Structure formats: C-alpha cells, structure tokens
Amino acid sequence: MGRKILLDKINIPGIKTYEVYRRNGGYASVEKALKMDPDAITEEVKTSGLRGRGGAGFPVGLKWSFIDKKSGNPRHLVCNADESEPGTFKDRYLMEYIPHLLIEGMIVSSFALGANLSYIYIRGEYMWVFKTLERAIKEAYAAGWLGKNIKGTGYDLDLHVHCGGGAYICGEETALIESLEGKRGNPRIKPPFPAVKGLWQNPTVVNNVESIASVPWIVLNSGEEYSKIGLGRSTGTKLFSVSGHVKKPGVYEIEMGMTVEEFMNSDEYCGGMIDDRPLKGLIPGGSSVPILPQHLIFKTANGEDRLMTYESLADGGFATGSSLGSGGFIVYNDTACIVRNTWNFSRFYHHESCGQCSPCREGTGWMEKVLWRIENGEGRIEDIDLLWDIQSKIEGNTICPLGDAAAWPVAAAIRHFRDEFEYHIRFPERIKNRDHFTNEPFEKVKHLLQKQSI
Amino acid sequence: MEKTNYKQDINFTPELMARINELISHYPEGKQKSALLPVLHEVQDAHDNWLSLELQTKVAEILNIKPIEVFEVTTFYTMFNQKPIGKYMLEFCVTSCCAINKAENMMEYACEKLNVKPGQVTSDGMFSVVGVQCLGACGYAPMLQLGDFYHEHLTKEKIDSLIEDCRVGKIILHDK
C-alpha cells in the first residue's frame, strides 16, 4: 500500500529545478508520447481507469474522448489549479515542490487532445506558486519541450499560467473558463459542454492538477499497469490533504483501498488524534461532502471496513456515507462544535456564491443567519426544520454544484448531530460567551437533553 | 449609496508596461481581455495594493476594453481592493480547519496588538487585519497571508515578530 507514483521523487534535493527533474527521468513520457498516436494515449488513459481528482471523480479518458475534433476549431487543455475547497491543499504541494511533473503531464495530455495552446489556471492567492510555475515553464521552453516543433516532431504547444482573483466558484469548470476569458466567474449553463464550446467557444478539456500529473506515469507504464494499483474502480494512487485534530497533518499519497482506520492511526500517515482525544467526526473529501459521525468512520452501516476508495466512502449514500470528493480529509475531535463548524461552512458558501441563481444566493445567506443565531443561543426549536427546508430547496436547483455543496454539509450535520443543535437551542446560557471554537465536549453535556425541561 | 472616490497616484513604469505586454502575449490576437486578471494583479502590486477607479479605467484603455468590463471584474474577485489598505495587510484564514486551530483567537490578538478592528487600517496606514476564506493551507493552520506569501503554524510570538519585521521593513510583499 505504500506505492507512490506522484510523490516518489519529492524528496530528491533540487527536484524543483529542470536539471534535477530531467536527470531523474523527467520528461521521458513526452519523448514516448510524441511518437504515439494521440488517440492511443487517450485509450491508455481510459484503460487506466483514472478518475478526475478535483472532486467529481469523472473518468478522465472518457472526458477526453468527448472533445470535439470534427469542427476543426483550435482545442485547448486547461488545468484546474484553482484549489479552493476548504480542507484541500494537495495541488499546491504538487506544484510547489515538483512543478515540472505538472508541465510534463500538460504536454502529454495536450498532445493527446490535439491542443496547441494550453493554460494552467491557478488561484490568485497561490501567487508564489504562480511564479514558481512561470519559471518552470520558462525552463521547459528553453529545453525545447514547449514551443514550435517540439523535439523535431512537428507538434507545437504553447503553455501559460493564468492567475485568478480569489473566488471559490472559479473551481467550477465553466466559471473557470469565464474567468480565463477575463470575466466574472459566473458558471455557464450546460450544454453546450466545454468539450464542444469552452474557452473562446473552442473545444476545451478542464482537468485537475493531480489528474494531469498522473498521466506521465500512465504513458510510461501503460494504462493496464495503472489499473492494477488501487482497488476495483478506484484505480491508482490518491493524494489526501489531512487537516484538523490529528498528530501529523499534511499531504499523503496512498494507494486507494487502504482502510480509513489504518490511514488515521498509522504513524506513516495521520499518526492518530492529537493529544489522544476521542474522534468525533470526519469530512473525507473537502467541506462540501457530508460529515461522518464517529460510528460511521471506520465501519460502514453494514459493518464492513470503511476503505479509502470512491465506493467505500460513498457506501450508504448520504444517509450513512459521504464521498471521496477532492480528498480534503478534515478530522474533528470531541471539542469541536458541530453547530459552529456548520455555520463556518455556510458563511464560506454564502461568501463564495456567485449570485446567479436565487436559491443559492439567498439560501446560503439564510442558512448562515439561522445557524449564527443558533450558535449564539438565540435559536428557536423550529429553526432546525427551517434549515432542513432551506437546504433541500437549494440542492439540485442551481446552475452549478456550488448550491449542492452548500446544502450537503448542513443536511449531514442535522442528520447526524441533531441533538447538538437541540442542545444549543434549549440551553442557550451554556453556549453563550464561549471563546470561539473552544468548548466543553458535547458528550459531557449530552445527558441534559434527556431531561424534558420543556 | 454614495461612492467615495479615493485618489491615487498612477505610474505605469516601463518595467510594468513590459510585464503587462508579456502577459497580453500569452493570449491569442484579439483575446487580450483574457489577460485582465493577471494584469490587474501586476498593476495593483505596483500601486500600493489597491485599484482606484482611474487606475481601473487606465487598465481598460491598455486592454482596449470598456471600463465597465474592468469594474465588474474587480468587484467580483476578493483580491482586488477598491480602496486604500494598510501597507501590510494581514489576511487571516478563518475557515473551519484554521478556525478549529484557533485562527480566530490569533486574529483577535493581531487586532488588539495593532488596535484595529477587522477591515480597518491603522492610523499610520501601515497595517490592516482582515479575515478571509480558505487559503488552502489547512494542514498548516492557523495561517495568514501577507502579500504573495503564506505564514503558517501561527503563534502569538510569530505574529509579534512578523509585525516587528514589517515595521523595520524586513518583509518583501511581492516576488518580482
């Protein structure tokens, strides 16, 4: 389970630079790919079973095969490095420490798609990573991996890095394209999909950093070899960004299929809970996916081991499962206040809603307000049902998935931690004037709810 | 609502113009509007980290687009400042992963130390403190952004020394 294909070279001193990267086998996949038939590369990626690493998990090879090659319009590959999902910081790690891996992947993938002009769209806050990539791209140009007639093959590719301006919504692919065109990041109505009409109305594929960085290995070792890594339909390795109350937060690459328990407790990965406090909840795939309560983390509702795969993390649907999402693994111990945390997320989505669709623009704000009054001891018992009602009316009723992403954390918090909301409402004096997130573990006060005081 | 029209000295140096032209060259002929966001970052960095209406209009002129096309972008994205900010803006991430690691307490500490409220500028114009949404440093919480760079695993001592470094001019804001 310790196999690494993305971060295997990360500890080589100077791997950030072109020389060291090249000396350690870098750009070999480009040499190989440029001699291949572009469609054969797409077939290899299809065979590999690689699924989009940005959150949706859509098969990468399939996405590539949708690109419109018939119209004859110029095609583009755009790398989504807008990483803004709370809990996720894996792409930043990859780009910061081994930028040439992404560039190598961009060249191979662009060649497969027949794109001659490609972009990496990076969030504006990662400005120093933007500069790192700019320098790495210059190095790649100087070494003849980019530009006209690459290595005498007749293939031309220009690659540039583009920075955003601080908007979560630009991680949505059509909003990202709008932003790349120099506009507000308002998602487009689909269809037409970007594969037909994307950047400047040209056929475009948008892929996550980690997806593109996986392509060089697939080209070098074949899709079939890649499909042997991992478990079932969750092929390959996956980067997890670990944060919250664990001993060793950080970015880890694992072969999919490991148990959640091993990942959480082994010294090689999370290293167990900080101060050995009890585990209370886990968000396995970034803030948008449902939180899992303690009893559903290591085992599924059926009593099977919960595994680090797309299927196992989603086992039980949203009733008793969650989703692998972007791999933003956020761990909460018993001191975390679920109500405050849910309010915190709702504030995030309210702030980040682009404002195009009223259910999301208004609904996220209402949820934030209702949660804030519950958190501050001014809630009413009917507020819990009100929250449920609002979230259910946002979900599925918006142009882009931000609305769903805002609704799910609220729904999951109520589903699994309803008594904590009730506690806030029934015992306002006990929760007023707390020092932000610092509070007594809910387990210690839970018994109060049993006494019927109303 | 009445809008205060803040005044700003505008100076497009040859270096800045060269950089702007380089950014424009990254996009096909006629698609120069695409360069808007990267250009705004460069222009803002070179103008005390904020963009007056005059400055935004000038950017529109350079890119050969309508001023409204610039205004609608600067008002959408949080990184473009519409009014003067402190020379050193401490942007604390206050989203969940940082918040459970006491980011809010760290931000309060900085506010108390500098005697400002979130969003305000100190009277000497040196500092401002703001809370922002997730910056993608969740595993290294609590953290803040200052200029182009992140400062992670914050403690009160680290905030003290960071503020001191700003005061004596040891902090570089932008990687040029």
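Here are some questions and answers about a predicted model, for a reader meeting it for the first time.

Q: Why is C93(B) called buried?
A: A residue counts as buried if 20 or more other C-beta atoms lie within 10 Å of its own. C93(B) has 30 such atoms within 10 Å, so it is buried. You can find C93(B) in strand β1 (residues 88-93) of chain B.

Q: What makes C98(B) count as buried?
A: The cut-off is again 20 or more C-beta atoms within 10 Å. C98(B) has 31 C-beta neighbours inside 10 Å, so it counts as buried. C98(B) sits in helix α5 (residues 96-99) of chain B.

Q: How do you know that C93(B), C98(B), C134(B) and C138(B) gather at one spot?
A: The UniProt annotation "binding site", from an unreviewed entry, covers C93(B), C98(B), C134(B) and C138(B). They span 46 residues in sequence, but no two of their C-alpha atoms are more than 9.1 Å apart, so they gather at one spot.

Q: Which residues are in contact with C93(B), leaving aside its neighbours within four places in sequence?
A: Among them are C98(B), C134(B) and M143(B). Being in contact here means that the C-beta atoms lie within 7 Å. C98(B), for its part, touches C93(B), C138(B) and M143(B), among others, not counting residues up to four places away in sequence.

Q: What makes E83(A) buried, and where does it lie?
A: E83(A) has 30 C-beta neighbours inside 10 Å, and the cut-off is 20 or more, so E83(A) counts as buried. Its place is in the loop between β1 (76-81) and α5 (90-97) of chain A. Leaving aside neighbours within four places in sequence, E83(A) is in contact with residues including R92(A), R123(A) and G136(B).

Q: Which residues touch the most other members of the largest nonpolar core?
A: They are L102(A), I120(A), I122(A) and M143(B), in a core of 175 residues. Helix α17 (residues 402-426) of chain A gives the most to this core, with eleven residues. In soluble globular proteins, nonpolar side chains tend to be buried together. Leaving aside neighbours within four places in sequence, L102(A) is in contact with I120(A), V209(A) and I212(A), among others.

Q: Why are β8 and β10 of chain A called edge strands?
A: The open sheet has five strands in the order β8-β7-β11-β9-β10 (chain A), with mixed pairing. β8 (250-255) and β10 (292-293) each pair on one side only, and that makes them the edge strands.

Q: How do you know that β7(A) and β8(A) pair?
A: Two strands pair if there are at least two bridges between them. Strand β7 (residues 237-244) of chain A and β8(A) share six bridges, so they pair, and they do so in the antiparallel sense. S241(A) stands opposite V251(A) in β8(A).

Q: Why is strand β11 of chain A called mostly covered?
A: Five of the six residues in β11 (residues 328-333) are buried.

Note on methods
Residues numbered from 1 in each chain as written. Chains lettered and ligands numbered in written order. Predicted model: local features only at pLDDT ≥ 70, side-chain atom pairs only at ≥ 80, totals over all residues. Core = buried A, V, L, I, M, F, W, Y, C linked by C-beta atoms within 7 Å. Buried ≥ 20, exposed ≤ 12 C-beta atoms within 10 Å, placed from the backbone. Helix = DSSP H or I, 4+ residues; strand = E, 2+ residues; numbered from the N terminus. Contact = placed C-beta atoms within 7 Å. UniProt positions renumbered as here; feature names shortened; annotations may be inferred.
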